[in-house]
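Please look through the structure below, with its sequence at hand.

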Amino acid sequence: MARPTVDIDAFLDGVKFRPFHVKVMLIGALAMLVDGFDLGVLSWVLPKISDQFGVARTSLTWVLSMQQVGMVLGAFLIAPFADQIGRRTLLVLCLGGVAATCFVTIFTDSIWALAICRLLTGMFASSVIANMVALASELAPARQRSTVVTVVLAGAMPGALLGSAMQAFLLEPYGWHVAFWIGTAMPLLLVPIIYFLLPESPKFLAARNPDDPRLRAIVLALMPEGEGEAVILSQREVREKRPSSVSLVRDLFQPGLTLPTILLWLSFVASFGFISAALWKTTVFHDAIGLNWSQVGVTTAIGTAFGATGMLTIGLMIDKFGFKAIVPTYFIVAAAAAIGMGLFAPGWGMFVALALNALAQHAAHAGLASIASTLYPTRNRATGVGWAYGAGRAASIVGPWYGMLALHYHWGAIGYFFLLAAPLAFAGAVIWMLLTLKPLDPATRTVGH
């Protein structure tokens, strides 16, 4: 009797949710935890750094922008290499790069050296995000894809929670260097976990070498017990030539994808515009509103806890109600809550608005990543996700300067949080346009018709 044939795409999309997927989600969330801490660490300790170097807070704006420049370069230049050398390999290399640059940061003695270190950290860290999203998307069953991707991204929130604990308990007695010691240790501890326990993308393996034993092992792990040995892969005869980086990018603008790609990039631009402008929140809470460091730590903890809640739940909401009903709505709610933070500061209403803003904004941003991973095929998924992030990161270069306007012109908390609301509202409008023109089914990876 001939053994049944398994089409790798249909197989992965239709498989039942198993412990294999839980392992992928947990490891992916750990990768995002490390990234969440290492990308946020500079903004959390910026007042301490400015005090040590004897410079004004706003004079460090360009250092924050250098990190964003690095993230743009990483998303555009490094992340696409995963479509050529594999997701897991690039994750390991980039996490090692994050650890190395954080370690060097500890010993910097000038603002220029600090800026160069943040540039390099941003390059490696942004590549981790894009490729972890692509890998999680490719390993997830179709019905749980948005949930898996957003749960992985939610791992960044415990990283921010660790940052709030660092602010509250370690920053004052040990200084800003302790944050970068933590930022060095975490990726080093994660590298062996990813190397030995995280599987490579089976679709990547099938396209490069269908006889790869790693591919067979993944199929066996996902097949019902006793059935794994009775399958062959229908893509055995399909060996793709390694695509060039130029062709991978060109495919983002093939017929039917040009306008969706542009609108997706605009939504990422707006979302990252908010995130980079919000790097000043610690300074605004401490200097403009007058919270002490323990209270600042509380604001970070609230934002982290509710942001994680939003990211953990939006995938379920998308899988149930669809992208269009959920993602634009969350962006609009986040914009309204940002305005509320300014109106109600420093009272309890500010904390309520902060919680609502964090929940909706982090959830909506994770929704964008799920949309990006759904829009593009396996061949150039890492490129598509990476370039979408890169477009957003390009805008985030000027984001810190945008947020700095409120500090420079003494607009206070109200002016600052009104500035933050604008890009969130714009993101909601643009992503609504995209999903109206080209509806996406979260349970597939194809544009709806």
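**Helices and cysteines**

Helix H13 spans residues 258–277, and its 20 residues reach 28 Å from the first C-alpha to the last, close to the 28 Å expected at 1.5 Å a residue. This is a predicted model. Most of H13 is covered, with 14 of its 20 residues buried.

Next, consider a pair of helices. Helix H7 (residues 145–154) and helix H8 (residues 156–174) have axes that come within 4 Å and cross at roughly 15°. Angles under 35 degrees count as roughly parallel, so H7 is roughly parallel to H8. On the H7 side, the contact is made by Val152, Leu153 and Ala154; on the H8 side, by Ala156, Met157 and Pro158. By class, this contact has six nonpolar residues, and no polar or charged ones.

Helix H17 (residues 348–375) contains Val352. Is Val352 buried, exposed or partly exposed? Its relative accessibility is 49%, so Val352 counts as partly exposed. Twelve residues along the chain separate Val352 from Gly340, and the C-alpha atoms of the two are 8.7 Å apart.

Now to the cysteines. A disulfide is a covalent bond between the sulfur atoms of two cysteines. How many disulfides does the structure hold? The number is zero. To count as a disulfide, two cysteine sulfur atoms must lie within 2.5 Å. For Cys94, the closest cysteine sulfur is in Cys102, 13 Å away, which is too far for a bond. For Cys117, the closest cysteine sulfur is also in Cys102, at 8.7 Å, and this too is too far for a bond. Cys94 counts as buried because its relative accessibility is 2%. Cys117 is buried as well, with a relative accessible area of 7%.

Key
Residues are numbered from 1 along each chain as its sequence is written. This is a predicted model: local features need pLDDT of at least 70, side-chain atom pairs count only at pLDDT 80 or more; totals for chains, interfaces and linings use all residues. Side-chain values use heavy atoms; hydrogens and water are left out. Axes are lines fitted to C-alpha atoms, for helices over the stretch in contact, and angles run from 0 to 180 degrees between N-to-C directions. Helices (H or I, at least four residues) and strands (E, at least two) are DSSP runs, numbered from the N terminus. Angles under 35 degrees count as roughly parallel, over 145 as roughly antiparallel, 65 to 115 as roughly perpendicular and the rest as oblique. Contact means heavy atoms within 4.5 Å. Ala, Val, Leu, Ile, Met, Phe, Trp, Tyr, Cys and Pro count as nonpolar, Asp, Glu, Lys and Arg as charged, and the others, Gly among them, as polar. Buried means under 20% relative accessible area, exposed over 50%, partly exposed in between (1.4 Å probe, protein chains only). The expected span of a helix is 1.5 Å times one less than its number of residues.
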